[in-house]
Amino acid sequence: MEPGILLFTIGAFGVAGFLAWRDHQPHYLFALAAGQIATLLSPLWQRLYGFSYDPSLGALFSVLDRSLPTLVFLAGWTSMLPPLAIFFLYQRRWWFSGYFTGALTFVLFTLYHVLVETIGVRAGWWGYADNGALPFNISVTLLAGLMNGLVSLGGLAVLLITRHYAWPMLLAVVLPTPLLMSVLVHGLLGAPLYTVVLLRAQSWAAAIGMIGTLGLVLWGAHIIASELGRRPAPGRTAPA
């Protein structure tokens, strides 16, 4: 599996490099690298959300009694594929920024990440404690998809905002974006849920935590979609 992941990674960066050269948009390269950087916090999320990777995947490093597999780091760019796909369409005016399209894009991003989660769990690449049991029988893959979908939506917003930034500023803004969005979503918005789970609180408290986290994630998607609704079309400037 490792040679395949490595080949896909090389291919993805090759395509990104070509698009960056052809369109004079280094966003493609920076965003893929940013996705890999975001995986560096994986041991923390494993500890908070009760999942772990298959030990046979190897480890790039370990901390908090959790490891980041080398393959997961290499494949981190896949988290930025959906935002880059929309960014590509936006550049060609095949996708238009608006609240409705932003909300629909969030749904599509969520479905993409649910698919990734489902494949990973079924393949045994990672697994959740207690089979990922959550209040209201909500699937853990759905929760992960919603949270990762919000991270991707934030990444898309930054790609659009920085469309005309110079390289140094672009690098400084885009490169840490998925990492910071992950901190915001998994670390802050997910706090109502993982706090009560870690404390093994009563079921009613876990239910409140679940509702709180879902509400915050959907609120975050609403905020970003509203911002996307204010973005001008390519080639136009925002009204004063």
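1. Just after helix H1, His 24 takes a positive phi of about 55°; helices here are DSSP runs of H or I with at least four residues, numbered from the N terminus. This is a predicted model, in which local features need pLDDT of at least 70, side-chain atom pairs count only at pLDDT 80 or more, and totals for chains, interfaces and linings use all residues. Residues are numbered from 1 along each chain as its sequence is written, and side-chain values use heavy atoms, with hydrogens and water left out.

2. H1 itself covers residues 2–23, and its 22 residues reach 31 Å from the first C-alpha to the last, close to the 32 Å expected at 1.5 Å a residue, where the expected span is 1.5 Å times one less than the number of residues.

3. The buried residues of H1 are Thr 9, Ala 12, Ala 16, Leu 19 and Ala 20, buried meaning under 20% relative accessible area, exposed over 50% and partly exposed in between, with a 1.4 Å probe and protein chains only. Seen down the axis of H1, they fall within an arc of 100° and so line one face of the helix, the arc being that of the directions from the helix axis to the C-beta atoms. The face turned away from this buried side carries the exposed residues Pro 3, Leu 7, Ile 10 and Trp 21.

4. Helix H7 (residues 140–161) is mostly covered, as 20 of its 22 residues are buried, and its end C-alpha atoms are 32 Å apart, in agreement with the 32 Å that it should span.

Key:
Helix = DSSP H or I, 4+ residues; strand = E, 2+ residues; numbered from the N terminus.
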